[in-house]
Each structure stands twice: as C-alpha cells, then as structure tokens.
Amino acid sequence: MCDAGCLRAWVKELHSKQESGEINSDLFIFVNMDADSPFWEPMNIPLIKGKVANSDGINGLVREVADLDFVVFNTPGGYLKDHKAIGEIHFTQDTADGNFTGYASWAEKPYNRKIWTAIERARAMAGVNAKSDFNSPSFNDRVLLLSTTHFGLATPVLNIQREKKADELASRIIEQERGALKGFKKLTLFNTTNSDLQCVQLKVDADIEDASQIILKSPDLADYTIIAMDDNCNSVFAIIRFEKIKKQYSLDVKIGEKKPAAENDGRIKTKSLEIKFSVYGNIYSVLLNGKEIGDEDFLKSFITYDKKEYAFEKTGIEPLSVGGSGGGIRIKGVINLPNQTEQGSFAYDFIKADFCDAVFVKTTVNYPYTPELTSISTENSSLGRFSDMSWEEAVPFQITPKLGGDVSVIKRNFMGDISSFRTQSFPECDEKNTEIKSFNHQLTAGLIGLTNGDSGLVLANARGVLNSMAFCPMRLEADKTVRMNPFGHYYGNQRHHWGRAKDEILGTYTLVTPQGKSIAPAYNGNRETAMMAFFGINSDMPREEQLADILAFADGAVAAENESKILSPFCGDNVFFKTAKADGIDESKLKNPIMTGFAGNLKNYVTKGSKAITHIVKAQIKAKK
C-alpha cells in the first residue's frame, strides 16, 4: 500500500484498468499483517495523526475507500465462494517473508539451528516409536516448538524469555521420545531410510583417545568409517555400510589400540570426486570424473566486520585418524577480528570412506568474540541482551562450484519432494537482480545442490547433527556464478522488486525495520559443528542409486539405548553459545539499536524517508480528486 501511496490510490488505479478492458475480472485485495502488528491501530504521531495515509490503522483504511461505489468488503473465503479460478501460478522457489525475501530470518541464526535440530531428532525417533507421527509422544510439543515465535524476525537474537521456553520444549521432546524407545543389549540402529548405508552421531561412554580405537562387528557388516566429532572424542559420527537392507541392525562394539593416521599425499579421492590441497591447506582443484568443477575459489571462509572481510587464516594441514577404513585430512587455523577479546579457530576434516562415492566434511568453527555494546530493547528482544552490530556476514564454509552456463538449485523439502529452480529466473523477472547478495528460497531437508544440467555438486547435510529448515543461503554473481554458504549468513542489498515509488519504499526497509538488519551478530563468540558430504552428479538430478546414499546420510539412523556402555544415542548440542554480559561496561556507552541504525545513515534516513513520505502524500492528494 505504501508503494502505491495509499489504498485509495491503489484501488482507483486497478479500477481504471478494469474500465479500459485491460483487466476483465473482479479483483480482490487481501490486506494482511500479523495480529500483533501496530499497523492495525492509529499511529500516535502528533504531526501525521489521522492526516497521512497508512498511519490511521484499519479504521483509516476502511474510511479511505468506503465512498467508492466499485469497492465492497469481503474475506478470502467469501470471495472464493462466488469466484472461480482464472489461472494457475507455479512457484519453483520456496516462499517466505523474512529478510532477502526468503528464510534468512527464520533459519540463519545459530539458535534457530539448535532448536530445529532437536525437532529433527525427535521426529526421527517418533518414526520408530509410533505408527503415525500424530500419535508420537512428542507431537504436541513439537508443534508448539515449531511456532514462528521461536524462530521469527527478531534480529539478531530472540527475546530471552522466548529462548527459555524453546529450550524447555526442545529438551522435553527429546526426553519424551527417548523414554518411549526401548533399549537393547547391543548397539542397535533403526533404519529410517530403507538403505544399506547407515549414518549416526553417537555418544562415547568409554574412556578413549581416538576414533580409530572403536571396532564394530556384525554378521551384516560390510565396512565402516568412524569420525571423532570433537578433540576429546566425546562423540563420534559413524558411517556404516551393511550387506543388505534390514529394518534394524545390531552391532558388537569393542575398544582396541589407537592407530596412527595414514599418510596423505594432499588428495581426497573417491570413485568420481577428487579434491586437491596445497601444502598450506588451500583447495586448488576439484575434479568430477576428471573434469574440473572447482578451482582455488572453491572454498573460502571469512567474516565481514565493519564493512571489511577478514579471511580465516590457515595454520596447518595434517592427516586425520579415523576408525574402520578410509582416511582423511584436517585443515585448521585461526580467526581474528579487530577489537576481539577472544581469538577464534576452525577445523575442517575431509574424509573418504572406501565404500561410498562421497567426500565427507566435518566443520567446526569457534567464532571470535568481540565486545557487545549495542543494547537490544524492542518488542522482540528483551532489555539485557547485547550485540556487536559491526558483524555483517558470517561465511564459515563458502562453496563455489565452477559450473558455468544456466545453473539451477536442487532442493528437497520436508515432505520428501526433490525439485529445482533456475537461478537466472531472478534477472529474467527483474533485470536489476543480475546480482543478489543473498537468497535463501530453498527448503533443505538435508539436500541442496547446484547443477548446469551436465555437471553438478550436491551438498548433503546430516540433519541429526545440525540443521535448520533452510541451512544454505546462496549468492548470485553478475557472471552467473552461484556461491553456497552452509551454516552462514550473507548480507548486502535486498533483492529488487518492481515498484511505483522509484524504490524509495523498498529503500527504507533496512533502515527502519529491525529484521532488515544483519543476523551475523548472532554468531559472535559461538561455536558450531556440522557434518556434510559432497556428491558429484552428471545430470540435472542425482541418479537413483546415488540418491539413496545421499538421503541415508542426510536423514540418518536412530540409535537405541544399549548395555554395551561404549556407544549410546547422542542427544547433546553441536552448537554452543557465548555467555556474554554487560558486566564492567559503562552503561552510558551502550547504544540503542535505533541509534546504531542512524549511525552513518542519517542522510539515508532523511533522504529516503522524506521521499517515501512525499510519495505517499502526493498519491493521497491525487486519489481524493
């Protein structure tokens, strides 16, 4: 309505198209906002109260158009009773109303991933416990936890009371499902994917130093690889191939001697994929069946802080010890930012398993901590929370396949549907979208990928380790290159949308809305560990046999409690948050988020804000004639 100027101007414009014959049907304008939005009530601003359109609440909107004889009031249901469908619209991208016209606001905060991962685990256990999801012990509480109240538009962090409620629900749904899942004498895995490949994170109850000490045995076992999930081997990720598909598998677990890591020549090579590393740990070539699909630009990691990029600094590359067959390489280093009080660090483990044509990757990022001096006190974020708004982008593991041509995004939703959309649909719809700083229009139930139809790369993500509903934002460059940012956050100009107001309405969005700000401050001082896998494809979609392995890795197995006292179900977190307080900070130096928005942008506020209001007033005057 602001873009049209006011509701009256909008309906008169549309009615003129009806009178000219350009539109040959009735039209329905659905005025819709959140129930708790201040939009519904008059704005208590003395200078404009009751005078400027869009400021007088629902009553003002009704009065604007009540005298027009071609306007009637209705509801969506009422309108549909009397009007037949006149066409179909097909959406290839998924739709949401968060930052960057996508899922950024709901999916890209580390806290989003903490509670979503709990939902993933409880849902997986429910699939074993109950005949239907509706009858599972955790169903009601999972529905409550899925409320947007616990994910929503609050930026960069949630209201502290909302977090407490979400934490309580997250713990409860896991306990409800664990209590319903019976125990066994041996380590038992339930097959949730009808595959002979089983993948699961397990808690280590025995006192061991290294994943290579863990020995698995079973008559059904073909081969396995075990990866330590932390330096102390408190938990591991097991990738296991069995001889045949069964509903559940029993395994004997023993502890053996520690084995030295196998020497590596700087390559991770599978049947179809090969990744080459320099002596400094940089990737300089990625090959798919001998064809290069990645170069020195393939992997990049950085934080954008105070408008400057700070690259992760690699300090070493070393062979990685694993349990069972296979082997790997660890790339490690440090992360530094100006003003930090704690240095960050990272470790990327690249692993091959002899029985699976994929490169597995474990990423652990300990973000540096910088003092948080911005006070957060809005309707969405309680007083007492603080942030450092100089954080602009968190890009821990950016992947840029070298594909060329017309690149499409492959995605899987949470109903199991796998589809794709062309990234060039953005500029084809609006030529100003040849570059998009961030787009996250892809629900990602453990599977996301890029393909040009002939070659591509699928990135699978172990949902039970760390996940969100849309874990991989992307960036589109002017030369058609597409970059993937799993478990990160891009920031920059919003996607362009056609408008009547010369972009002034859109231009005020990030200036006046809290959710228009960067989510990157939510990463400050936190730590995340994720488990992913690269699969190369030679078509527009993964083939059936390959897809079975992708989904088995993504969805994972469910482990039951057992009497072995060596490996048990892992129910801990793989994301940890810095406990930061304002102790010792001069309260007078704390900044309100509104004022930080003004900082350096006062000219933008005055220029764009005045132009937006002028546009509204002019439209309002013209519409009264």
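Predicted model: local features only at pLDDT ≥ 70, side-chain atom pairs only at ≥ 80, totals over all residues.
**Entry 1: strands β1 and β6**

I began with strand β1 (residues 187–190) and strand β6 (residues 248–255), which pair in the antiparallel sense over four bridges.

**Entry 2: the five-stranded sheet**

I then moved to another open sheet, where five strands take the order β14-β4-β5-β2-β30 and the pairing is antiparallel. Its edge strands are β14 and β30, each pairing on one side only.

Is β4 largely enclosed or left open by the rest of the structure? Six of its eight residues are buried, so β4 is largely enclosed.

On one side I followed β4 to strand β5 (residues 235–242): the two run antiparallel and are joined by seven bridges. Here Ile 226 has Ala 238 in β5 as its bridge partner. The hairpin of β4 and β5 has six residues between the strands, and in it Cys 233 takes a positive phi near 55 degrees.

I also followed β4 to strand β14 (residues 323–324), where the pairing is antiparallel over two bridges. Ile 226 turns up again, this time opposite Gly 323 in β14. Thr 225 stands opposite Gly 324 in β14.

What lies across β2 (197–204) and β5? I found helix α11 (residues 544–555) there, running at about 20 degrees to β2.

Helices next. Two packed helices are described by the angle between their axes and the distance between the axes, so I noted both.

Helix α5 (residues 110–129) and helix α7 (residues 160–180) pack at an angle of about 20 degrees, with their axes 9 Å apart. That makes α5 roughly parallel to α7, given that angles under 35 degrees count as such. I noted the crossing of α5 and α7 as left-handed.

Then I listed who meets whom. From α5 the contact takes in Tyr 111, Lys 114, Ile 115, Ala 118, Ile 119, Arg 121, Ala 122, Met 125, Ala 126 and Asn 129. From α7 the residues include Glu 163, Ala 166, Asp 167, Ala 170, Ile 173 and Ile 174. How many of the residues in this contact are nonpolar, polar and charged? The residues of the contact of α5 with α7 divide into 12 nonpolar, one polar and six charged.

**Entry 3: α1 against α2**

I repeated the exercise for helix α1 (residues 7–20) and helix α2 (residues 57–65). Their axes come within 8 Å and cross at roughly 40 degrees. α1 and α2 are therefore oblique to each other, and their crossing is right-handed.

The contact has Leu 7, Arg 8 and Val 11 in α1 meeting Leu 61, Glu 64 and Val 65 in α2. I counted four nonpolar, no polar and two charged residues in the contact of α1 with α2.

Most residues other than glycine have a negative phi, so I picked out two exceptions.

Asn 54 has a positive phi near 75 degrees. I located Asn 54 in the loop between α1 and α2. Buried or exposed? At 11% relative accessibility, Asn 54 counts as buried.

Lys 565 also has a positive phi, near 60 degrees. Lys 565 lies in the loop between β29 and β30 (567–569). At 62% relative accessibility, I have Lys 565 down as exposed.

**Entry 4: Thr 363**

I finished with Thr 363, which I found in strand β17 (residues 356–366). With a relative accessible area of 7%, Thr 363 is buried, since the cut-off for that is under 20%.

Which residues is Thr 363 in contact with, leaving aside its neighbours within four places in sequence? I noted Ala 347, Tyr 348, Phe 397, Glu 528, Thr 529, Ala 530 and Met 532.

Technical notes:
Residues numbered from 1 in each chain as written. Heavy atoms only, no water. Pairing = 2+ DSSP bridges. Buried < 20%, exposed > 50% of the residue type's maximum accessible area, 1.4 Å probe, protein only. Contact = heavy atoms within 4.5 Å. Axes fitted to C-alpha atoms, helices over the stretch in contact; angles between N-to-C directions. Parallel < 35°, antiparallel > 145°, perpendicular 65-115°, else oblique. Left-handed = near helix turned anticlockwise from the far one by under 90°. Nonpolar A, V, L, I, M, F, W, Y, C, P; charged D, E, K, R; others polar.
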